[in-house]
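Q: Could you take a close look at one part of this model for me? I'd like to hear about the pocket.

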Amino acid sequence: MMNWLDSHCHINDEAFKDDLDEVLARMVENDVLEAMIISSHVEDFEYALRIDSDQIAFKRSLGVYPGDVNETDEKTFERFKEFFADERCQAIGEIGLDYHWDKENKERQKGFFLSQIEIARKLDKPIIVHSRDAIQDTYDILKDAGVRGVMHCYSDSPEMAREFVKLGFYISIAGPVTWKNARVPLEVVKAVPLERLLIETDCPYLTPVPKRGQRNEPSYVVYTGKKIAEHLGIAEEAFKKRINENYHELFRL
Ligand code: NI
């Protein structure tokens with residue numbers, strides 16, 4: 001029997017401060033035995049290193065989040081770079097472009113995105129890409145980037161998803177695919193070859209049905225996984241096996 005996994009979670013977030021042990025216990029209960037913990041600050045990464053379990057295999061990543069570039073100075077970025085090279089940092093991310101909240105600093109966002117891509121390329125580590133209201137600029141940067149990676153919490157069109165797949169990227173699907181208005185995410189799932197698909201929670205946000213309205217957590221990734229397997233008409237066990245292979249192929253070191 002293959003286990004479930006969460007390819008993108010923030011269990012190092014404040015939202016889990018009080019009950020992390022219970023959250024980890026529910027992961028084991030739901031057979032979610034692997035997870036990638038994402039950090040957007042060096043302190044979060046150091047904390048993520050201390051999150052441990054006998055039964056769950058964790059991987060960890062670090063990156064300057066596009067929403068944080070205004071506050072990230074050279075000195076802070078130097079500290080990120082030290083950790084990028086650390087073998088316990090298995091991916092660079094989440095990095096990318098987010099024009100939803102701030103369109104005024106596009107060039108600064110692109111600058112951080114490009115320099116972190118360059119570091120990932122040199123270190124031969126995969127990148128985890130955050131893109132919101134910025135899909136064309138993201139694509140234009142990635143098409144010549146020469147790195148492998150994943151489009152995390154993918155929320156754009158099936159057509160663009162196929163373009164990222166052509167670049168060698170994985171497409172990771174989060175809780176919204178279970179929501180009532182999920183027409184486009186379900187089209188994306190069908191447009192992406194199974195060997196390029198990943199699943200994630202992005203918890204504490206984007207909680208899947210039937211837990212919508214509550215805080216999200218890694219054990220809920222099973223709802224997203226089951227929904228996709230059902231939509232694709234694939235047996236759950238075969239689907240899990242494929243997702244597992246994809247995860248290990250992407251985050252190999
Ligand atoms: Ni995230």
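A: Tyr65, His130, His152, Asp202 and Leu206 lie nearest the centre of the largest pocket, out of 34 residues that line it. A pocket here is an open set of points on a 1 Å grid over the protein atoms alone, with protein on both sides within 12 Å along at least five of seven lines, and a lining residue has an atom within 4 Å of a point. Bear in mind that this is a predicted model, where local features need pLDDT of at least 70 and side-chain atom pairs count only at pLDDT 80 or more, while totals for chains, interfaces and linings use all residues. Residues are numbered from 1 along each chain as its sequence is written, and side-chain values use heavy atoms, with hydrogens and water left out.

As for volume, the largest pocket comes to about 840 Å³, taken as the space filled by probe spheres (1.4 Å probe) set on the points. Its lining splits into 15 nonpolar, 9 polar and 10 charged residues; Ala, Val, Leu, Ile, Met, Phe, Trp, Tyr, Cys and Pro count as nonpolar, Asp, Glu, Lys and Arg as charged, and the others, Gly among them, as polar.

Strands S2 (32–39), S4 (91–98) and S5 (127–132), plus helix H7 (183–191), each give the lining at least two residues. These are DSSP runs, of at least four residues for helices (H or I) and at least two for strands (E), numbered from the N terminus.

Follow S2 and you get to S1: 4 bridges join the two, which run parallel, and strands pair if DSSP finds at least two bridges between them. Tryptophan 4 stands opposite valine 32 in S2.
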